[in-house]
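Notebook open, structure loaded. I'll jot down what I look up as I go, beginning with a salt bridge.

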Amino acid sequence: MPPESAIVQRTLEMLVLKALSLAPMHGWGIGQRIDQLSKGAFQVPQGSLYPALVRMRRRGWIKSEWRVTENNRRARYYLLTPAGRKQLGIETDAWEKASEAVNAFLRTRTLEDTP
Amino acid sequence: MNRDAMELLQGTLDVLILRTLAWQPMHGYAVSRWIRERTEGTIEIEDAPLYKALHRLERAGCVSAEWGVSENNRRARYYRLTATGRRRLREEESAWRRYAAAVFRVLEPA
Amino acid sequence: MSFFTDAMVRVRAMFLRETEERELDDEVRFHLERDAEERVRRGVAPEDARREAALALGGMESQKEQVRDARGTRPLEELASDIRYALRGLRRNPGFTLTGILVLGVGIGATSTVYSIVHSVVLADLPYPEPERLVRVVEKNSPTNIWALSTADVVSIRERQRVFAEWGESTRREVALSGTGTPSRIVVSPASSGYFRAIGIAVAKGRAIQPSDETAEAPAVAVVTDAFARRVLGSADAALGRVLTLDGVSHTVVGVLPPGRDELGGVRSEVWPALKLQPIVRRGPFWLRGLGRLKPGVSLETATADLARVSAEILPMWPDFRDSTAKLTPVPLREVIVGRSVKQVGLFAGGVALVLLLAIVNVATLVLVRASAREQELAVRLMLGAKRGRVARLLVTENLILTLTAAMLGLGLAFVGLDLAVAQLQSMPRIQDAALDWRVIALGIGAAVVSGILVSLSPIAALQGNTNLASHATGRRTDTSNRTSRMRAAFVVAEFALAWPLLVASGLLLSSFVRLQRVDPGFDPRGLVSIGVNLPSIRYPNDTTVFQFRARALQRLAAIPGVVSVGLADDVPPDPNHGNFDNFNLVHKPVPDGQAEPAVPWYYVDPTYFETLGIRIVDGRGYRSGNTADTLPMVIVSESWAKQFTPGESPVGRQLVQGGCYDCPRTTIIGVVEDIRNLGPALPMVAAYGSLVNNGTRSVEILARARAVTPSLLQTMRNELRALDPELPLVETVIADKVDASMADPMRWAAVLTAFAACGMGLAALGVFGLMAYTVRQRRRELGVRLALGAAPSSVTRLVVSRGMKYALIGSGIGLVMTLLFVNRIQTMLFGVSPIDPATFLAVAFMLAGSAFLASWIPGRRAARIRPMEAIGAD
């Protein structure tokens, strides 16, 4: 998959939704959380994160508000909207079906298959 | 449904194609038909990304192409897996497993 | 919901750019600081930490760039690149581009020209305040007998009406103008003060006519137009106070109309003297135009009823006027001025609309063909990740550029074309106002935008669905090419359908025109010249002087070598504007009570007129000259008159009451003369000719027949008359030219419609040709197989031709139905041919069938020459 462990756009959005479903977070924090949840498999390419956040805001899945962090600094926090919560459910289902299909496809063996 | 699947699996195109050609050489149309049938319609690959991927794989040396005659007696371009391609298939398969597992990990904690 | 949030984000991004940018800065900076902190915590040196964080983020600016992208304010930039790409594409395909621009440009140009004419002649409001309240009042005793008003009528209206806020009268006369350079004849419109008040237009300089100017003792005054003041009196300012001599009477100019006002209330005139009404002796004569401004809230029905009441009240006042059916009737001024033009202009407009539609269909075909040829290129675009909507946007952009350029060309053509059209159609009222104003330009641009979108629809539809590259490469017929073929076929059918009404209309008009041309004027116009004179009463105060002048003039002209005969009349043919109609009632066969008396054109001629004109007396006798001149009223009638009013018997010796004057001596019919086309080729030849011998009218036409009309002859004639009276204005007319001119309008209509029809047929034929050529190309393999399998080449040709003819036939079927539905509307413009003239329809059918055949046969022949092996083995 080009390139290794890169997350493609839609999958990234799905993961962001999941991350935010646990608690509101700012942009940097979201990347950290996904990293933790995937046990280090996904280092979110910063290049994709912020544009994805804007797109998701446009679609009404998340909204943003400026808050003060524990270090007394201003940061933009993102929250999941009800629409976003619903979308998370849809995408999770879709992902399960799709990945199951791929797995099934890759699993079948024929004569020419060498281990 | 199909569209969502493809968008979520955007990076998996290569592995699907390579796996398909591992069974036998085919032309592009047959590849997409094969995948569609084997996944019972879940995964439908559009021509544009399919040919883009095929050409990319050809440039990378994973597949080779030549002209042949199709089942209805037309000229068609047939793709076949090379040794490099076989190696790449194995790599892509494990990459996929890791990837899917990672996504599941993120999705799991309720 | 997502649409709303999407819009919110975008709007905020657009209008609060600075805030957004600042927030983005803050957000990114926070991220970097946080990331750097984390790295420092893991043991990286602070400066490195900062750098690494920046690198990891991927460069602040590019981050921001990506966010800006995601905000969705990129469309403008995409548009710019689309335009660049489209321009490149258009430049690389000059054939397509130029054809499209030309075809559509001509269509839009013609449409714009016609629209500006339609607007100024028919649609635009009359240029007066509250024009819908203006009405003209006429005296109507049957649907076709519409008379002017008399002095008695207008005085009664003034006294008795209850529906007009303002009321006035005017009339029209030709007079001799002297005192300002060379004497000339001009048309003047004496009008009352009420006329100006009703119109509601103020003068630009000086004053309008006042009631005090209308009394008999008041000095004669006049208001003039700005153009007249400039041309004859030097300038508008200089005009006030100047004296004009009209028919020998001095008029002082007291007012000048605003520039551009050459017509008031439908009457076009340069000089407006004050109208002085003569004392009333009887109900007639009928010489005035009445104009009223309805009181606010008064409807036409109310006015009609009120005037009917007035008519009934005044009828018994004049016992010798027995026509009880004569009613004073209001007609909206708009109807009077615009009415007649509507039909003609409507035909024009309908024709040009069809041409525009044909042009659009044609361009749509071109675009469709080009799009399907670019199927591969567009598929590559899609393959490289372009979204379908984007590709559609690209197509529309390209087509809009094409159509907007065509619109520019079209408006440029319209600019020139309008001048030409207005020059040709001078006779139409208000045509001078036609101009390329904002409405016309908006129409042109609107047409371009609409056609741009319309022609894009077909290729977008054709490219729907999977563009399957594989099958395209293998030469199999793709879905796209199937769809393209079907759409092209539909276009061809549409083109044939649209061509039918155009061709039929033009055929009918051509037929009419040809028939009009063949109409015998009834006399030989070659060698005929007439000189019109108007003897001013100042120098010719009584009948004796008038008769003297006439006699001497005839004598002198007859003496010129080359002049064969001379005669006198008050009007010479053909004159569709002959105003002098008179009603009559046959004594032995009077009209039943309550029915209107018939009215016919009445002419006054001298004894040698008929001979000069070259027509014979077929019954009874002509007028005699000399001192034994007959003194009782007499009339000579035309053959048609006799056939209509005294069928089966000779009218000679019968008597009639002329002009409703029951107290006057009866008029005796003394002869019947051959028919001529007095009013023009299309109108009836019923006419009555009274005698000039006792009629001292000062306005006469001196008719002369010469062996040949040469400039030197005309000069000699002029000199002879000048010798008699140097100050007399003379108006020459070569009769042959007048006869030709009476055909001018029908010829122009026929010419214009034929041009439209030729375009239509050409475009339709082109459509069939293109479609058949395309089909042949698409099905090369199949046809090659047929030939290889032993089919005769001629059968392949037959196949193609029958295909093409099939489409033409279907289109013709639709077109025929369309035509039959609407063709009755042009009945009034036709002469001698019925709207469903079978010969015309057959001719059109043959022409279209022939062109379809030829257009299919050429590609058909090419198909027959396909080399089978090549065709099959292709690719």
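**Entry 1**

I started with C:R309, which makes a salt bridge with C:E313, and the closest N and O atoms are 2.8 Å apart. A salt bridge here is a side-chain nitrogen of Lys or Arg within 4 Å of a carboxyl oxygen of Asp or Glu. I note that this is a predicted model, where local features need pLDDT of at least 70, side-chain atom pairs count only at pLDDT 80 or more, and totals for chains, interfaces and linings use all residues. Residues are numbered from 1 along each chain as its sequence is written, chains are lettered from A and ligands numbered from 1 in the order in which they are written, and side-chain values use heavy atoms, with hydrogens and water left out.

Both C:R309 and C:E313 sit in helix 11 (residues 300-314) of chain C, 4 residues apart, about one turn of the helix. Helices (H or I, at least four residues) and strands (E, at least two) are DSSP runs, numbered from the N terminus. I checked accessibility next: C:R309 is partly exposed at 21% relative accessible area, and C:E313 is partly exposed at 31%. My cut-offs: buried is under 20% relative accessible area, exposed is over 50%, and partly exposed is in between (1.4 Å probe, protein chains only).

**Entry 2: a pair between loops**

Then I looked at C:E674 and C:R616, whose side chains meet in a salt bridge at 3.7 Å, N to O. This pair links distant parts of the chain, 58 residues apart: C:E674 is in the loop between strand 23 (667-673) and strand 24 (688-691) of chain C, and C:R616 is in the loop between helix 19 (609-613) and strand 20 (617-620) of chain C. C:E674 counts as partly exposed at 21%, while C:R616 is exposed at 53%.

**Entry 3: a network in chain B**

Which residues do salt bridges with shared partners join into one network? I found B:D14, B:R56, B:R88 and B:E92. Over all chains, the structure holds 28 salt bridges.

One of them is B:R88 with B:D14, the closest N and O atoms being 3.9 Å apart. The two are 74 residues apart and link distant parts of the chain, with B:R88 in helix 5 (residues 83-107) of chain B and B:D14 in helix 2 of chain B. Is B:D14 buried or exposed? B:D14 is buried, at 2% relative accessibility. B:R88 is partly exposed, at 24%.

**Entry 4: helix 2 of chain B**

Helix 2 (residues 13-23) of chain B packs with helix 4 (residues 47-59) of chain B at an angle of about 75°, their axes 10 Å apart. Axes are lines fitted to C-alpha atoms, for helices over the stretch in contact, and angles run from 0 to 180 degrees between N-to-C directions. So helix 2 of chain B is roughly perpendicular to helix 4 of chain B (65 to 115 degrees counts as roughly perpendicular).

From helix 2 of chain B, the residues B:L13, B:D14, B:I17, B:L18 and B:L21 meet B:P49, B:L50, B:A53, B:L54, B:R56 and B:L57 in helix 4 of chain B. Contact means heavy atoms within 4.5 Å. By class, I get 9 nonpolar, no polar and 2 charged residues for this contact. For those classes, Ala, Val, Leu, Ile, Met, Phe, Trp, Tyr, Cys and Pro count as nonpolar, Asp, Glu, Lys and Arg as charged, and the others, Gly among them, as polar.

**Entry 5: the sheet in chain B**

Chain B has an open sheet of 3 strands in the order 1-3-2, with antiparallel pairing. Two strands pair if DSSP finds at least two bridges between them. Strand 1 (26-27) and strand 2 (63-69) of chain B are the edge strands, each pairing on one side only. Strand 2 of chain B is joined by 7 bridges to strand 3 (residues 75-81) of chain B, and B:S64 has B:R80 as its bridge partner in strand 3 of chain B. Helix 2 of chain B packs on this sheet, touching strand 1, strand 2 and strand 3 of chain B, and its direction makes about 100° with that of strand 3 of chain B.

**Entry 6: one buried serine**

Last, I looked up C:S112 in helix 6 (residues 94-123) of chain C. C:S112 is buried, at 1% relative accessible area. Leaving aside neighbours within four places in sequence, C:S112 is in contact with C:L411, C:A414, C:V440 and C:G444.

Note on methods:
Parallel < 35°, antiparallel > 145°, perpendicular 65-115°, else oblique.
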